[in-house]
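Subject: Structure handover

Hello,

Here is the structure I promised to pass on. Please open it and keep it beside you while you read.

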Amino acid sequence: MTKQTTDPVGKSVPRIDAYDKVTGAVQYVDDLQFGPGLYYGKLVHSPHAHAIIKKVDVSKALAVPGVKAIVTGEDTPHRMGLYMQDRYIFARDRVRYYGEPVAGVVAISEEIAEQAAKLVEVEYEVLQPVFDPYEAAQPDAPLLHPDMAEYQWPPFIFPEPGTNISEHFKLRKGKVTDEGVDPEVWAQCAAIVEKTFRLPQIQHVPIEPHVAVARWDLSGEVTLWSPSQSPFAQRDLLAQGLGIPHGNVRVISPYVGGGFGGKAGISIEANVVVMAKAVKGHPVKVRMTREEEFFCTNVRQSLYAHTKIGCDKDGHVLAMETAYYFGGGGYNDYGVNIARAAGYSCTGPYSIPNVKGDSHSVYTNTPIGSAMRGFGMPEIHWGIEQIMDRLADEIGMDPAEFRRINCVKTGDTILTGMKMPAVDLVQCIDKVTEAINWGKEEPPSAPHKKRGKGIAIMWKAPAMPPNPGSSAIVRFNEDATVNVYVGAQDIGQGAFTVAAQMAAQVLGIPYEWVRVSVNPVDTKYSPYEWQTVASRITWSMGNAVRAAANHARTQILEIVAKYWDEDPADLDIKNGVVISYKSEREQPLKKMVVYGLPNENYEGWQGGPIIGSGKFMPTYVTNLDPDTGQGARAVVHYTVGAQAIDLEVDTETGEVEILKIASAYDVGKAINPDLVMTQIEGGAVHGMSSAFEGMFFDENGRLKNPSLVDYKIATAMDIPKEIHGDIVETPLEDGPWGARGVGEHVMVQTAPAIANAIYNATGVRFDDLPLSAEKIYRAIHAQEEQEQ
Amino acid sequence: MHPFDYYKPKDFDEAFAMLTQPGKKVIPLAGSTDIIPMVRDERWLPDAVVDIKGLPGLRDIKLVDSGPLCCAGQTAQCLYIGAAARMNEIAHSELVQQYASVLAQAAQEVGHEQVRNRATLGGNMGTASPAGDTLSALLVLEADVLVKGKDEERCIPALKFFLGPRKTALQPGEIILGVQVPPLPEGTLGRYLRISRRKGADLAIVGLSVMAIPAEGGYQWRIGLGAVAPTPIRVPEAETILATGHDEATVEKAIQATLAAARPIDDIRATAAYRREMVVQLTRRALQDIIAQIP
């Protein structure tokens, strides 16, 4: 403890978990030892995208020596779900995607379980599948959930039973009816662009595939070990889905080997708990293979977007009509809220006076579409940000200037009627355009290459229920070191590090004195946290940590003030010592934070072990009108940002080389600037991957590329030659030290920024993702032929 | 994953006893970077694998005298590369860079760093994927493949080794000992180029090996293609054209001849049409690159 970092907020202190991670000391779920009683499980997957289950016969599989139990839909009669309670833990009656778990085999080894899983005989009656979200939303589409009317959902979700539409969010602003924006408004437009955009499903590809261990004790206590972004939400869903008290469910979550939203909510964990129930007293471990990770856990939803935007001759955007159809997969549990978020943010980061937006999530016979970094925003920005570029082009305005004119600004009445909280998107645009020499034509590196620059901007609000809460505890040790307890998870973003920085800042102790007691996060001992999602942790957990530290600080100052017979208002804590600005006396925290302080002449003592607790929950989010999406406060806040890209296209091969990505985000306050930069770097690479890859299915709904051989994410050799980042700091009113989240935002607009730069280089545009060298090559050459 | 027995013999007698167990499907294993994925996908279901990495001499990279089988009749020494030599060992070997530069370049393109630390030349050949990076290089080098069975050794020219997708001239029970590359005259130029979806950790959409060998009054050219036919192929038509010279018009003719030889298919990595276009682009680039080096 030689280095002493005082006042650590705003400083780039090293990650609190760095040493353990780089030395391999960190244990992930698959590293944990469970002794000789451990059993292993394998899931039996549906070989059809859409079918009725006629019969399940497990007798042959059960006869395999070493098999201990097999569970099926018979064992899971209750529907479960975070928002839309639309699925059984194991399929009953019907399967809705290729890979859906139909049964779970428990055995004494993984090999035996795998062997026996092949012997489970399931008789299916194959039904017609539907994969495209727009087709699935049509009245004559095969119906995936005929019983939808019986399902339960929260009051802010609007499904349409009798169709495949699980959520329909309506946004109406200005001169608009259900038919569309007033024709008179369109008549004022000097330019109108109307386009259809399509994006495929993509996968998170965490280094650590999903894994879970569950034990159902004979006493009725259930313990689940899972790398989870949502230990408390998992506890809640399990308790509800299994009909047992919350206090009987314990979720233990060590470090997460990559989340990106894929480990939010619940996936295979519920299956494993049900399998453990069949062999009470024995822990049961299930590990997803990389292939299963693709088709049997969560993926990002596909999107069909039809969007029309118009502006006047001076570049003012006047009107927008947009319809989004998210392909939510077989179950839309989490996905309904993605469509909702895409609905109330459907304009992207623009102030548009007349808006008609309809955002749907739609059941499709594909893997479960769920949370992924960006939560609907990367999907809708793909189209919006290209249309804005086209409009600027049509009226002859610089695309960056077009965005400066139209982007949301502090105090604007945005599409839902909410006043835009303080942000500075114009400054973000200025920073990134400066960083890539915007407007300056620069030569390509070879004659067969073309160079281009593109820009895209974004916004995103935390998408969540109105009232998700955080809590925190700080506990002093004898030497004035502190243990901070949070229920948030570190998924690489550095949550534990900023928790320590914030606690140290408030308590007036060096950063190095703080330990974060989170490995594992344990619902039995950790304070409540809704979920580590929505880029809400620095803000929400941060507020709870600050409150807990303040609670402890107040106790300490009161004790010392009484000891000195002074006013607590004159006291402060600096570098681990309580000081008085009035009397200039000093009292080290050491010892007194546990043992207290004596009264005069040792006639009794006061104080005692200091423990501070704190909580935070937004209290101001209001309902939105179901017919118009209007309300006083749709969301807690928005984070905004800009990206500009400089790239080269090889016209002979279609290959794209990204020379530079410049990003600028308004984070309110960078609690740890290095961690913001690592988000910016990771986001740029993740955004690249999302532009160049997708999941592809055959006509039966079987995934054609369920492995890293043919699902290609960007490698270290593909990443941009230079990643530049700028941090803009417009404080958020209720953020700790003004901070707001930035974890997801850093990849939201990367794909359209790349597309805009490719257009700038080659004059070719793309409406559908993914891009590929082949697609770009073909488009360039088709254009050349046309010109000839 | 399908279970199988693993053997690691120390000598050839032991190895062949294990490889020829009656009624059992036994396959030789080297780097295992192909075998493990194939068994996971249940495309190969061996009863046993025999790890050849411990057999004597199989990891050698050295110069050898012409032998009775391989490299027969050569007056200078040949380059010998053992079947279990790793891709990174081949790519970084000064001997390979000097005697078979095109092969060193191809080995450097295989997979990624971790794969290259395990994957072997013999494995790449035994798997015989049409997209195998090193295979078109072996064709243009006109390497000999030294194989050994229980009772005898024999030499198969690389040009006759690859029979179809994942099919080779190896007989059951035979293993690859290594390859021998005949000596090439000083001034030989070689280039391996490929196109893939990502720069790292990917398979070739098209792979191309080109060599220019100083010959009387000019150059003798060799062109090999990967990933555009059921096996890696040579393009004698283009080579013949280039033998007459390498001015721009002749080069274009050779490119068209190379294109005519390609018979690619559509798959998830690329369409046949794009592969054809890339054959043209890569051939032009490789030829121009080599021509620029010709003194």
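Below are some notes on chains A and B.

This is a predicted model: local features need pLDDT of at least 70, side-chain atom pairs count only at pLDDT 80 or more, and totals for chains, interfaces and linings use all residues. Residues are numbered from 1 along each chain as its sequence is written, while chains are lettered from A and ligands numbered from 1 in the order in which they are written.

**Chain A: backbone**

Start with two cis peptide bonds. One runs from A:N519 to A:P520, with omega near 5 degrees. A:P520 sits in the loop between β25 (514–516) and β26 (521–522). Helices (H or I, at least four residues) and strands (E, at least two) are DSSP runs, numbered from the N terminus. The other cis bond joins A:L769 and A:P770, with omega about 0 degrees. Look for A:P770 in the loop between α17 (750–762) and α18 (773–787).

A:D565 has phi near 60 degrees. Its place is the loop between α14 (537–564) and β27 (571–574). A:D565 is exposed, with 8 other C-beta atoms within 10 Å. A:N575 has phi of about 50 degrees and lies in the loop between β27 and β28 (577–580). A:N575 is partly exposed, with 14 C-beta neighbours inside 10 Å. The cut-offs count other C-beta atoms, placed from the backbone, within 10 Å of a residue's own: buried is 20 or more, exposed is 12 or fewer, and partly exposed is in between.

**Chain B: domains**

The assignment gives domain 1 (5–54), domain 2 (61–181) and domain 3 (189–293). Such bounds come from an automatic or database domain assignment. The C-alpha centres of domains 1 and 2 are 19 Å apart. Here 12 residues of domain 1 are in contact (C-beta atoms, placed from the backbone, within 7 Å) with 16 residues of domain 2. On the domain 1 side, helix α1 (residues 12–19) gives the most, with 3 residues.

**Chain B: strands**

Which strand is mostly covered? Strand β12 (residues 206–215) of chain B is, with 7 of its 10 residues buried. Strands pair if DSSP finds at least two bridges between them. β12(B) runs antiparallel to β11 (residues 189–195), with 7 bridges. There, B:L193 partners B:L208. β12(B) also runs antiparallel to β13 (residues 218–226), with 9 bridges. B:V210 partners B:I223 in β13(B). In this hairpin, with 2 residues between the strands, B:G217 takes a positive phi near 75 degrees.

Best wishes

Terms used:
Two residues are in contact if their C-beta atoms, placed from the backbone, lie within 7 Å.
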